[in-house]
Amino acid sequence: MTETICRRCGSELDIIISTCKLCNQPLKFGCLSCGHIEDEKVHLDCINAEYLVPAKN
């Protein structure tokens with residue numbers, strides 16, 4: 001994981017809330033101890049790839 005510590009309580013971020021559609025890497029994490037959900041991360045390469053690859057019909 002890129003971020004491993006909860007900003008609210010200091011516990012381990014141990015829940016993956018969402019993953020990237022293109023690379024399947026975690027984007028959003030949560031903490032079981034306090035229920036805090038971190039801000040969603042952005043993969044700039046994946047966002048750019050979405051615009052460069054033509055949409056499939």
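**Reading a β-β-α chain**

Ser18 stands opposite Lys28 in β2.

Reader: What kind of model is this, and how are residues numbered?

Author: This is a predicted model, in which local features need pLDDT of at least 70, side-chain atom pairs count only at pLDDT 80 or more, and totals for chains, interfaces and linings use all residues. Residues are numbered from 1 along each chain as its sequence is written, and side-chain values use heavy atoms, with hydrogens and water left out.

Reader: Which elements does the chain have, and in what order?

Author: Helices (H or I, at least four residues) and strands (E, at least two) are DSSP runs, numbered from the N terminus. Here there are one helix and two strands, and the order from the N terminus is β-β-α.

Reader: How do β1 and β2 run, parallel or antiparallel?

Author: Two strands pair if DSSP finds at least two bridges between them. β1 and β2 run antiparallel and are joined by four bridges. Their hairpin has six residues between the strands.

Reader: Why does Asn24 count as exposed?

Author: Buried means under 20% relative accessible area, exposed over 50%, and partly exposed in between (1.4 Å probe, protein chains only). Asn24 counts as exposed because its relative accessibility is 56%.

Reader: What does the side chain of Glu38 make a polar contact with?

Author: A polar contact is a pair of N or O atoms within 3.5 Å; within protein, one must be able to donate a hydrogen and the other to accept it, and residues adjacent in sequence count only if both atoms are side-chain atoms. For Glu38, the partner is the side chain of His36, at 3.3 Å.

Reader: Where is Ile47, and why does Ile47 count as partly exposed?

Author: Ile47 is in helix α1 (residues 44–52). Ile47 counts as partly exposed because its relative accessibility is 33%.
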